[in-house]
Amino acid sequence: MNLTLFRQRLKPWMLPIAMVCGILFHNFIDAIAFLAPYLIFVMLLITFCRVRPSEFRITRLSGGLIAVQIFGAIALYFVLLPISRELAEGTFICVFCPTATAAPVITGMLGGSIPRLATFSIVSNVCVAVLAPLLFTMMGSEADITFIDSVMLIATRVVPLIILPLFTALALLRFTPKLHAAISSHQSLSFYIWAVSLFIVVGRAVSFIMSEPPEMIPEMLWLAGLSLIVCCGQFYIGRRIGRRCGDKIAGAQGLGQKNTVLAIWMALTYLHPITSVAPAAYVAWQNTINSAQLYFKTKRDIGKTK
């Protein structure tokens, strides 16, 4: 077996391996957790170097996905509120949470449109930065923080991770095209960087869940179960919207793959702390789905080369 074929066969197992290692070594994650933002920056820089400025356009796909993200989250909140406020908030945050900053990477690996997903990622995150303080205030936020400060806090956690890699890629294209071309030709590196990032995210999520008191286990299981249903539902609905708009992969990843780190932080900051279990569990669900998608795509690609 040559090196190329070995890498093709190993690729679909990289994300499950990263997740299992994150679970097993979660006690040691704090030592490398500081690397996560830098890994995401490099990963997005490599991905954005594939995109030309003229390819960034807000389309019907962005409009359809953002409508589900905002109005779907609010609808689920009011449906579940009579049952339990914690379940309502946990489900809300799993839908309202913006698209993951790394979603364009997985979209590109699966054969979807990186420009479409990158455009929606910006729209999604900006909408959350603007609307989150207002919605959390209406929901009875537990945070003692002003509206403006809240917007700034969310924006500073979201915008740099999206805008800076994009501007850097565009600057490289303009001033150092050879370096830009060299980075663009090494797209496979972003996958392995994503695997390391996933190792860190899963480890932090496991550490968080294990720190919860044992008496909260039943409610935690309900939150994890609802996050699984919501995760599968968002991938399915996003795929349906994407098919109508000409890119089912970008649609599924745009709506289904969430910035769970930001979601956990928002839940801990604005909502009842137990609700953060839902986005913590969402980490496992969305990456299991992504691992399965990559596995089947790689299997098809290997079949075509034979």
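Modeller: Helix H7 (residues 147-175) gives the largest share of the lining of the largest cavity, three residues, helices being DSSP runs of H or I with at least four residues, numbered from the N terminus. This is a predicted model, in which local features need pLDDT of at least 70 and side-chain atom pairs pLDDT 80 or more, while totals for linings use all residues. Residues are numbered from 1 along each chain, and side-chain values use heavy atoms, without hydrogens and water.

Biologist: Which residues line the largest cavity, and how many of the lining residues are nonpolar, polar or charged?

Modeller: A cavity is a set of points on a 1 Å grid where a 1.4 Å probe fits but cannot get out, and lining residues have an atom within 4 Å of a point. The lining consists of Phe48, Val51, Phe56, Leu166, Ala169, Leu170 and His180. With Ala, Val, Leu, Ile, Met, Phe, Trp, Tyr, Cys and Pro counted as nonpolar, Asp, Glu, Lys and Arg as charged and the others as polar, the lining divides into six nonpolar, one polar and no charged.

Biologist: What is the angle between the planes of phenylalanine 92 and phenylalanine 136?

Modeller: Rings of Phe, Tyr and Trp (its six-membered ring) pair if their centres lie within 6.5 Å, and planes under 30 degrees apart count as stacked, over 60 as edge-to-face and the rest as tilted. Phenylalanine 92 and phenylalanine 136 are both buried, that is, under 20% relative accessible area with a 1.4 Å probe. Their pair is edge-to-face, with 6.2 Å centre to centre and an angle between the planes of 75°.

Conventions
On a 1 Å grid over the protein atoms alone, a cavity is a set of points where a 1.4 Å probe fits but cannot get out, and a pocket is an open set with protein on both sides within 12 Å along at least five of seven lines; lining residues have an atom within 4 Å of a point. Helices (H or I, at least four residues) and strands (E, at least two) are DSSP runs, numbered from the N terminus. Buried means under 20% relative accessible area, exposed over 50%, partly exposed in between (1.4 Å probe, protein chains only).
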